[in-house]
Amino acid sequence: MSPIQTNLQGVKARCHAAIAGRNVRFQEAVSLVAVSKTKSDAEVREAFAAGQLAFGENYVQEGVKKALALADLAAHANSERVGAGIEWHLIGPLQSNKARLAAESFDWVQTVDRQKIAEALSRHRHSHATAGLKPLNVLVQVNVSGEASKSGALPADAAGLAAVVAALPGLRLRGLMAVVENTRNEVELRAQFRVMRGLFDGLRQYAESVDTLSMGMSGDFEIAIEEGATMVRVGSAIFGARNVQETGVAA
Ligand SMILES: *Cc1c(COP(=O)(O)O)cnc(C)c1O
């Protein structure tokens, strides 16, 4: 087995152990998004060959390039793959001028943090160019740590923005996403994950399509699962350390 395949198995085993150890209130399955930013087409192919379907990219153009290069892994390209094709998640900040490209190329956008971007995605997903595409799966990103460097709607604004998304054509509101503070303080981490779980439970009362709470990365995904994540986004624990410095530039 290649290192990527070994890592993938290890991460999945750790997810299952965390699911088994979590509070009985949290019954949902957990899905794994493999974060492939800065990684090559060949590395994504390798993870796909090991059964990984969902991949996360931070930059629209990098994601589009990979999706094109790996179009043979998409469900529509090969009837034998129906229901089990590769799936692309945008997990980095999105600027309006990239909304069209994102709406046309991704299956999920996890970083909707304002009404304007939701409307732009809706307009471009609900057009002639995208006829035949399923609605775009959308998560509202919440800045739960309150750090100025983080994007995301304020926790108090999340439900309102989710209602906007739910009402827009071409979009399917699936839930919430957060990047919690990068800290080793487990008490603080758990507190932020719990705020997210509270918001998620509230949202679920009101919108039937809501089933996803995306939180947890390589350093903290087990804690996130214990606190009720239904989706984790894991990069370096699967693909190894990223060699390219992250710039923090918006997608
Ligand atoms: C890079 C990134 C991840 C994955 O980070 P790792 O620590 O490598 O697992 C997850 N979510 C977001 C939003 C990211 O930018």
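1. How many bridges join β5 to strand β6 (residues 171-178), and do they run parallel or antiparallel? Seven bridges join the two, and the strands are parallel. Please keep in mind that this is a predicted model. Within the pairing, Val138 has Leu173 of β6 as its bridge partner. Between β5 and β6 the chain passes through helix α6 (residues 158-167), and this β-α-β crossover is right-handed.

2. On its other pairing, β5 is joined to strand β4 (residues 108-112) by three bridges, again with the strands parallel. Here Trp108 stands opposite Asn137 of β5.

3. Burial of β5 deserves a remark. The strand covers residues 136-142, and seven of its seven residues are buried. In a regular strand, side chains alternate between the two faces of the sheet. In β5, Leu136, Val138, Val140 and Val142 point one way. Asn137, Leu139 and Gln141 point the other way, and these are buried as well. The buried set of β5 therefore includes Asn137 and Gln141, since buried means under 20% relative accessible area.

4. The pairing continues through β3. Two bridges join β3 to β4 in the parallel sense, and His89 stands opposite Trp108 of β4. β3, helix α4 (residues 99-105) and β4 form a right-handed β-α-β unit. Strand β2 (residues 54-57) also pairs with β3, in the parallel sense and over four bridges; Ala54 has Glu87 of β3 as its bridge partner.

5. The same helix has a buried side. Ile4, Gln5, Leu8, Val11, Cys15 and Ala18 are the buried residues of α1. Seen down the axis, they fall within an arc of 150 degrees, so they line one face of the helix. Among the elements covering these residues are β1 (31-35), α2, α8 (221-226), β8 (231-234) and α9 (236-239). The face turned away from the buried side carries the exposed residues Pro3, His16, Ala17 and Ala20.

6. Salt bridges: a search of the whole structure finds 16. One of them joins the side chains of Arg45 and Asp72, at 3.0 Å from N to O. This pair links distant parts of the chain, with Arg45 in helix α2 (residues 41-49) and Asp72 in the loop between α3 (60-69) and β3 (87-90), 27 residues apart. Arg45 counts as partly exposed because its relative accessibility is 32%, and Asp72 counts as partly exposed at 39%.

7. Two further pairs can be checked in the viewer. Arg114 and Asp113 meet through their side chains in a salt bridge of 2.8 Å, N to O; Arg114 is partly exposed, at 33% relative accessibility. Glu147 forms a salt bridge with Lys150, with the closest N and O atoms 2.7 Å apart. Glu147, at 24% relative accessibility, also counts as partly exposed.

8. Which residues are linked in a network of salt bridges? They are Glu186, Arg190, Arg194, Glu226 and Glu227.

Key
Residues are numbered from 1 along each chain as its sequence is written. This is a predicted model: local features need pLDDT of at least 70, side-chain atom pairs count only at pLDDT 80 or more; totals for chains, interfaces and linings use all residues. Side-chain values use heavy atoms; hydrogens and water are left out. Buried means under 20% relative accessible area, exposed over 50%, partly exposed in between (1.4 Å probe, protein chains only). Two strands pair if DSSP finds at least two bridges between them. A crossover is right-handed if, with the strands pointing away from the viewer, the path from the first strand over the helix to the second runs clockwise. A salt bridge is a side-chain nitrogen of Lys or Arg within 4 Å of a carboxyl oxygen of Asp or Glu. The arc is that of the directions from the helix axis to the C-beta atoms. Contact means heavy atoms within 4.5 Å.
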